Each structure stands twice: as structure tokens, then as C-alpha cells.
Amino acid sequence: HMWVESTPGVGSTFLFTARFGLDATTTQTALPCPQGLDRAQILVAESNAESLKALSEILSAWDITYTSATDGNELRQALTQHRYDLCLLASQLADMSGTEAAELLLNTAQTPHIAFMVQLTDITAIEMWSAEKNVDVLLKPLLQEELFTALTRFFAAPDTTDLPAPE
């Protein structure tokens, strides 16, 4: 279905409706749990219910347990109660910006690796946090494959090929 809405002297908008079905020959296969992640302590700091649900479904499919925080108070409380290896951090919590939350995480005694989850339009956060050594930037909406790749990179065993042999 296609149509045009037009106002003289203002402009025209061209609209269409398209329906797409799933390809019956393609099947979605679940990726295995990234190596080493089954033992990782993960904190998910996300206040958007839909994003948290989607992330929860991915982590649950991998049998990963995690702690969630939806605001600054829950984040502070979680950090005082436990040590985390990774924090999946949204660019905005209910009462705290992602930048404030990242600074809080980076100033903890045991700084976790931070995966900063941002919208593609949040160019400032992407530029600012991409340079930080303990922070990686992931674009929302997160896809299982992209999260798998990032987590595999975070938890990969350190490369020791360039280290000198013990004497």
C-alpha cells in the first residue's frame, strides 16, 4: 500500500506499508555461552524495561546469572555488596547519567570491565568512552551475535605468545 500526503507550499510525504514474512528456510540458532562467562560476575545497569528484558533473555539463554540495577542507588548498593567482572551499562539510568555511573564504576576498588550500551545517535558518549581503557562501547539495540563477540573478547584468555619464556 502506497500513498502521498501533500500540502501546497509545505511539501510532500511519501508513505508505504510493507509486510515481510520470515524465510522458512532460515532457522535462528542460539549461540553457545561465551567461554569463561559462566563463572563471571555480571552487573546489568539498565532502567529501560524493554532493553532489560531483551538482555535478560540473551543472558538466560546462556544460563548466566547476573545482578541488575535500574538506578544510581541500586548501582551503589550492588557495588558495595559484591565484586563484578563486567558491567553492562546503559547510557542513562532512572536517576543517573551513564557517564556518572561509569565514573562511579571506574572509581571502585575493583574496577569491572564496562560495556557501555548506547544508541547510535549518542555520538558524544561513543567518542568519550571509546578511548577509555576499561570501557567498550556497544550499540543498542543489542543483538545476541554482537554481545557474544564482545563478551568473548572481554573474557578471552590473555595472549601470552609475545611473553618471554621462563628461565
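This is a predicted model: local features need pLDDT of at least 70, side-chain atom pairs count only at pLDDT 80 or more; totals for chains, interfaces and linings use all residues.

Visitor: OK, now H2. Which residues are buried there?

Guide: Helix H2 spans residues 72-81, and its buried residues are Gly 72, Leu 75, Ala 78 and Leu 79. Looking down the axis of H2, they fall within an arc of 125 degrees, so they line one face of the helix.

Visitor: What do the buried residues of H2 pack against?

Guide: Strand E3 (42-45), strand E4 (67-69) and helix H3 (98-106). On the face turned away from that buried side, H2 carries the exposed residues Asn 73, Thr 80 and Gln 81.

Visitor: And what caps the N-terminal end of H2?

Guide: Asp 71 does: one of its side-chain oxygens lies 3.1 Å from the backbone nitrogen of Asn 73.

Visitor: Switching to the sheet. What's the strand order?

Guide: The order is E4-E3-E5-E6-E7, 5 strands in an open sheet with parallel pairing. E4 and strand E7 (135-140) are the edge strands, each pairing on one side only. From one strand to the next, the twist averages 20 degrees.

Visitor: How many bridges join E5 and E6?

Guide: Strand E5 (residues 86-90) and strand E6 (residues 113-119) pair over 5 bridges, in the parallel sense. In that pairing, Leu 89 stands opposite Phe 116, and Cys 87 stands opposite Ile 114. On to E7: E6 pairs with E7 in the parallel sense over 6 bridges, and Val 118 stands opposite Leu 139 there.

Visitor: Is E6 enclosed or open to the outside?

Guide: E6 is largely enclosed by the rest of the structure, because 6 of its 7 residues are buried.

Visitor: Which helices lie across the strands?

Guide: Two to look at. Helix H1 (residues 49-61) lies across E3, E4, E5, E6 and E7, running at about 160 degrees to E3. Helix H5 (residues 144-154) lies across E5, E6 and E7, at about 175 degrees to E7.

Visitor: Now the inside. Which residues of the largest nonpolar core touch the most other members?

Guide: Ile 42, Leu 55, Trp 62, Leu 88 and Leu 147, out of 21 residues in that core. E3, H1, E5, E6 and H5 are the elements that give two or more residues to this core.

Visitor: What does Leu 55 touch?

Guide: Leaving out residues up to four places away in sequence, Leu 55 touches Val 44, Leu 88, Met 117, Leu 142 and Leu 147. There's also a second, separate core of 18 residues, including Leu 43, Ala 69, Leu 105 and Val 118.

Visitor: Last one, about Ala 109. Is Ala 109 buried or exposed?

Guide: Exposed, with a relative accessible area of 83%. Ala 109 is in the loop between H3 and E6. Its C-alpha atom is separated by 10.0 Å from that of Thr 80, although the two residues are 29 residues apart along the chain.

Notes
Residues are numbered from 1 along each chain as its sequence is written. Side-chain values use heavy atoms; hydrogens and water are left out. Buried means under 20% relative accessible area, exposed over 50%, partly exposed in between (1.4 Å probe, protein chains only). Helices (H or I, at least four residues) and strands (E, at least two) are DSSP runs, numbered from the N terminus. The arc is that of the directions from the helix axis to the C-beta atoms. Contact means heavy atoms within 4.5 Å. A polar contact is a pair of N or O atoms within 3.5 Å; within protein, one must be able to donate a hydrogen and the other to accept it, and residues adjacent in sequence count only if both atoms are side-chain atoms. Two strands pair if DSSP finds at least two bridges between them. Axes are lines fitted to C-alpha atoms, for helices over the stretch in contact, and angles run from 0 to 180 degrees between N-to-C directions. A nonpolar core is a set of buried Ala, Val, Leu, Ile, Met, Phe, Trp, Tyr and Cys residues joined through side-chain atoms within 4.5 Å.
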